[in-house]
Amino acid sequence: MKQERGLHELYAEDPERADSLLWARVTPLSRRGFLRGAGLSAMAAAVGASIPFAEYMPVGLIPAALADSEQPFAIPGKDGLVILNDRPINAETPAYLLDDKVTPASRMFVRNNGVPPVTTNIDPAGWVLNIAGESCRNPTSLTLAELQSEFKQHTLQLQLECGGNGRAEFYPAARGNQWTTGAIACPEWTGVRLRDVLHKAGIADNAVYVGYEGADTHVSGDPGKLPISRGVPMAKALQDETLLAFAMNGEPVPALHGYPLRLVAAGWPASVSGKWLKKILVRDRVHDGEKMLGQSYRVPCKPVAPGASVPDEDMCIIESMPVKSLITSPRSGIVHKFGQSLPVRGHAWAGELAVQRVYTSIDFGATWQKAKLERPVNRLAWQHFSTTLSFPLTGYYEIWARAEDEQGRSQPMVLPGWNPRGYLNNACHRIAIRVDA
Ligand SMILES: Nc1nc2c(c(=O)[nH]1)N[C@H]1C(S)=C(S)[C@@H](COP(=O)(O)O)O[C@H]1N2
Ligand SMILES: [Mo]
């Protein structure tokens with residue numbers, strides 16, 4: 001079995017097929033079986049240990065083990081994150097764990113398209129970044145030490161949100177990691193401006209796009225394939241806030257987040273922010289790397305009916321992410337004491353734009369109250385909102401949050417336009433509250 005996808009995804013999509021790939025049955029219909037060779041190694045890799053009694057594991061145990069606990073397999077240093085896929089590793093953060101104004105590394109979602117490079121014993125100072133491409137005048141190599149010493153350093157808080165955040169809510173369902181609300185983070189990044197480095201390498205007049213390549217490898221093991229190689233138009237590449245970052249929250253960028261160097265082009269789908277950065281290509285055309293073409297990170301240029309199949313030529317590349325908000329306190333599902341007021345807070349962001357207002361509702365969107373909203377610490381950083389709510393009767397409530405960007409665009413109350421890959425779901429965030437006497 002050539003395993004290109006992890007057990008979680010395989011089981012989420014087609015449990016019967018997953019079973020038959022992993023297990024050889026004693027008789028075709030029996031509930032007894034044994035893990036096939038490759039199935040056993042996949043399982044052992046997923047649990048992070050060998051399985052001494054594997055020969056006694058009954059068929060059907062895997063789905064139970066995956067569904068049973070909130071935390072079937074843990075990622076070191078990422079307590080409380082929910083794992084969506086183990087190969088490649090993808091994990092999201094429950095809303096109540098995103099309460100910090102600056103997201104700590106331990107609470108930052110992980111989205112890998114391939115197998116991360118092993119960076120445990122590298123010398124970060126010697127890490128080489130190549131700048132090349134048809135529209136680069138003087139192809140250049142710079143070590144991380146040179147980047148750090150030759151260019152001015154900048155520290156900014158910048159939000160990264162996966163283009164597929166919220167995918168789980170679309171119907172008909174879209175393939176891919178079933179992110180709910182947790183593929184968003186806003187840590188503080190330190191690095192040098194991509195613009196400064198590009199100017200040193202020389203940008204030809206015909207340059208239109210910048211693409212990246214990282215040091216991670218394709219899940220198939222094929223060295224000729226890249227897991228992902230996306231990019232941004234020149235105007236985005238040249239923005240003040242587009243950084244080649246070597247530090248996150250004052251520490252070297254963590255291994256899973258791109259150590260020792262990553263691109264941070266905030267406000268766009270985070271897939272443009274290449275991790276383990278090895279190469280920047282200055283292109284004379286729209287970058288055509290892995291996951292730039294076809295249906296990847298694209299949505300229908302014009303709205304389509306749910307479930308429609310859309311030809312590639314009618315799909316447009318996602319640029320700025322839409323306006324969105326997240327209630328990070330209280331935690332959904334709490335019981336609140338009747339007669340007391342409830343402080344509520346969270347964050348709001350709007351891709352390239354600022355958020356101008358946030359509202360909350362306790363009556364399923366019939367009426368809305370304006371929340372207090374802070375300014376961003378810098379452009380492309382999320383903003384914090386807070387409010388105090390009280391409830392007229394005991395019973396079940398939902399708190400909804402709805403943000404509006406500086407151009408007056410609001411989050412939709414239910415779902416935005418369906419699209420084949422389930423991107424850009426910026427529906428209002430909802431949490432449940434029970435008010436008891
Ligand atoms: N080299 C490389 N860069 C990458 C990816 C990847 O798989 N490989 N994933 C992208 C995607 S789709 C997202 S959402 C973000 C996730 O960043 P994080 O894992 O640091 O949260 O990284 C982006 N950069
Ligand atoms: Mo992503």
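This is a predicted model: local features need pLDDT of at least 70, side-chain atom pairs count only at pLDDT 80 or more; totals for chains, interfaces and linings use all residues.

Reader: Okay, so is His336 buried or exposed?

Author: His336 has a relative accessible area of 7%, so it counts as buried.

Reader: And where is His336 found?

Author: His336 belongs to strand β21, which covers residues 334-337.

Reader: What lies 2.8 Å from a polar atom of the His336 side chain?

Author: That's the backbone oxygen of Gln340.

Reader: Which polar side-chain atom lies 2.7 Å from an oxygen atom of ligand 1?

Author: One belongs to Arg262, with its polar side-chain atom 2.7 Å from a ligand 1 oxygen. His257 also has a side-chain N or O atom 2.7 Å from an oxygen atom of ligand 1. With Phe109, a polar backbone atom is 2.7 Å from an oxygen of the ligand.

Reader: How much of ligand 1's accessible area does the protein cover?

Author: On its own, ligand 1 has 540 Å² of accessible area, and the protein covers 100% of that. The space the ligand takes up is the largest cavity.

Reader: Nice. New topic: where is the place of Asn426?

Author: Asn426 is in the loop between β27 (395-405) and β28 (429-436).

Reader: And is Asn426 buried or exposed?

Author: Asn426 is at 7% relative accessibility, so it counts as buried. A polar atom of the Asn426 side chain lies 2.9 Å from the backbone oxygen of Val323.

Reader: Last one: what about Leu160, which strand is it in?

Author: Leu160 is in strand β9, residues 160-161. Its relative accessible area is 1%, so Leu160 is buried.

Reader: How far apart in space are Leu160 and Leu380?

Author: From C-alpha to C-alpha they are 9.2 Å apart, while in sequence Leu160 and Leu380 are 220 residues apart.

How values were computed
Residues are numbered from 1 along each chain as its sequence is written. Chains are lettered from A and ligands numbered from 1 in the order in which they are written. Side-chain values use heavy atoms; hydrogens and water are left out. A polar contact is a pair of N or O atoms within 3.5 Å; within protein, one must be able to donate a hydrogen and the other to accept it, and residues adjacent in sequence count only if both atoms are side-chain atoms. Accessible areas come from the Shrake-Rupley method with a 1.4 Å probe; for residues, only the protein chains shown count as cover. On a 1 Å grid over the protein atoms alone, a cavity is a set of points where a 1.4 Å probe fits but cannot get out, and a pocket is an open set with protein on both sides within 12 Å along at least five of seven lines; lining residues have an atom within 4 Å of a point. A molecule sits in a cavity or pocket if more than half of its atoms lie within 2 Å of its grid points. Helices (H or I, at least four residues) and strands (E, at least two) are DSSP runs, numbered from the N terminus. Buried means under 20% relative accessible area, exposed over 50%, partly exposed in between (1.4 Å probe, protein chains only).
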